[in-house]
Amino acid sequence: RASLPCTAVSHIYAEHCSEHLTHDEGLRFRRECRAELKPEGTIRLSTPNRDWVWATQYRRPSDDSIRDCFAINKSFRGWGHQFLYNIETLTAALHDAGFADVTACRYGQSSDPVLHELERHETSLDVAELPHVVVVEARGVRAPTNKLEARSGDYDWAPTP
């Protein structure tokens, strides 16, 4: 199996990385992170919030549908995004990878001093309690749930022969 270039680490941090992986690549990445972290180790992930993108790019009222079409594509494909998460899906994805506890965090905030004030990616305006990024910290070990794996067929866009 391919592995990260480290073992038994206490912290892993990935800012605006998850959305550039396909759903399946993301699952493998999170499982590898869980395997390489100490049991009490923590992973912190920061990724665009799919719900924010939906609310600000897809559902905004506009009289210019052509501009909106290009804006939507830029917000997704223009930056090489493969899969966007909301808090519920990223939480389930981390449980699928074997993390026991998942905690939502605010941008730059953490109860762990090692993980506090790490985000450096540009910010966008949050919308009425809807943050532009999903930031989570996960720790602990549990049996993987495979909740999303059962749904990955819903996301299979492979061309049929």
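Helix α4 (residues 87–96) is largely enclosed by the rest of the structure, because seven of its 10 residues are buried, where buried means under 20% relative accessible area, computed with a 1.4 Å probe on protein chains only. The model is predicted, so local features need pLDDT of at least 70 and side-chain atom pairs count only at pLDDT 80 or more, while totals for chains, interfaces and linings use all residues. Residues are numbered from 1 along each chain as its sequence is written, and side-chain values use heavy atoms, with hydrogens and water left out.

The buried residues of α4 are Leu90, Thr91, Ala92, Ala93, Leu94, His95 and Asp96, and they pack against α1 (23–36), β2 (37–48), β3 and β4, contact being heavy atoms within 4.5 Å. Helices (H or I, at least four residues) and strands (E, at least two) are DSSP runs numbered from the N terminus. After α4 comes Gly98, which has a positive phi near 100°.

Four strands form an open sheet in the order β1-β2-β4-β3, with mixed pairing, two strands being paired if DSSP finds at least two bridges between them. At the edges stand β1 (9–15) and β3, each of which pairs on one side only, and the twist averages 15° from one strand to the next. β3 and β4 are joined by six bridges in the antiparallel sense, and Val102 stands opposite Ala138 in β4.

Both helices in the table below lie on strands of this sheet; axes are lines fitted to C-alpha atoms, for helices over the stretch in contact, and angles run from 0 to 180 degrees between N-to-C directions.

| Helix | Strands touched or crossed | Angle |
|---|---|---|
| α4 | β2, β3 and β4 | about 155° with β3 |

In the loop between β3 (99–105) and β4 (133–141) is His132, which counts as buried because its relative accessibility is 9%. The C-alpha atoms of His132 and Asn49 are separated by 5.3 Å, although these residues are 83 residues apart along the chain.

The second largest pocket is lined by 17 residues, with Trp79, His81, His121, Glu122 and Ser124 nearest its centre. A pocket here is an open set of points on a 1 Å grid over the protein atoms alone, where a 1.4 Å probe fits, with protein on both sides within 12 Å along at least five of seven lines, and lining residues have an atom within 4 Å of a point. α2 (50–58) and α3 (65–76) each supply at least two residues of this lining.

Key
Buried < 20%, exposed > 50% of the residue type's maximum accessible area, 1.4 Å probe, protein only.
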